[in-house]
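I opened this model to look up a few local features and to note each one with the cut-off behind it. The entries follow in the order in which I checked them.

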Amino acid sequence: IDKSQNIKRTGIARLDKIIRAINNIGGMGDLKSIFIAFAEINGDISDSDKNYIRENIKAYSPDVSGSESKGSIFYKIRIGDAYYWRVSNDYLTINNIPKRKEFIQKRVNKLDGFDKQLFNILNINKKDRFSMAEIMQYKMYLGDSEETNELIDNSLKLFRENAIVEYLGSGEYKKSFKIKSA
């Protein structure tokens, strides 16, 4: 099995092309760069393809509010004032892993205050996945004020926007800062 060609597939050819396109541009990009990469794979890109890409990136992103996610393939992240889409670490090709690790590490290094405290608690726990209930077990170490729940929610949103964790839906998260190589 050759992970450089993307080991994990959805079984839906058109959706797999979106994953390949994003991997071809380093594992993340804005819609315009995704359209260009998709066109390179497909030979061209129609308005129908663009709509399919827009709809399915949102449909397979548990971070997008307003509807139930079909799965955990794409995530919206923030870089500066702009938003980009990235492919989940599970769908990331081997040649993009070092770049993703470096990207996430830079984001982790910028954490401070409460965000850094919460990250350290998540990092201590050896499990790859965690729930909001598990985070609440550590609430006493984070401060037991009325603001703590809001601070936790804000930190988790920041972590998702910075590609540090992936939201899987139903209150479950995955540590994306612990990327496994091949």
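I took helices (H or I, at least four residues) and strands (E, at least two) as DSSP runs, numbered from the N terminus. This is a predicted model, in which local features need pLDDT of at least 70 and side-chain atom pairs count only at pLDDT 80 or more, while totals for chains, interfaces and linings use all residues. Residues are numbered from 1 along each chain as its sequence is written, and side-chain values use heavy atoms, with hydrogens and water left out.

I began with alanine 39, which lies in helix 2. With buried meaning under 20% relative accessible area, exposed over 50% and partly exposed in between (1.4 Å probe, protein chains only), alanine 39 is buried at 18%. Leaving aside residues up to four places away in sequence, I found that alanine 39 touches Asp44 and Ile45, where contact means heavy atoms within 4.5 Å. From alanine 39 to aspartate 49, 10 residues along the chain, the C-alpha atoms are 9.1 Å apart.

I listed the buried residues of helix 3 as Asp49, Tyr52, Ile53, Asn56, Ile57 and Ala59. They cover an arc of only 160° around the axis, so they sit on the same side of helix 3; the arc is taken from the directions from the helix axis to the C-beta atoms. On the other side of helix 3, Asp47 and Glu55 are exposed. The cover over the buried residues includes helix 1 (13-24), helix 2 (31-42), strand 2 (74-79) and strand 3 (82-87).

I then turned to the rings. A charge sits over a ring if NZ of Lys or CZ of Arg is within 6 Å of the ring centre and within 35 degrees of the ring normal. I noted that the charged end of arginine 14 sits over the ring of tyrosine 52, 4.2 Å from its centre, and that arginine 160 lies over the face of tyrosine 167, at 5.7 Å from the ring centre.

Last, I looked at the sheet, which is open, has three strands in the order 1-3-2 and pairs antiparallel, two strands being paired if DSSP finds at least two bridges between them. Strand 1 (28-29) and strand 2 are the edge strands, each pairing on one side only. I found two bridges joining strand 1 to strand 3, and methionine 28 stands opposite arginine 86 in strand 3.
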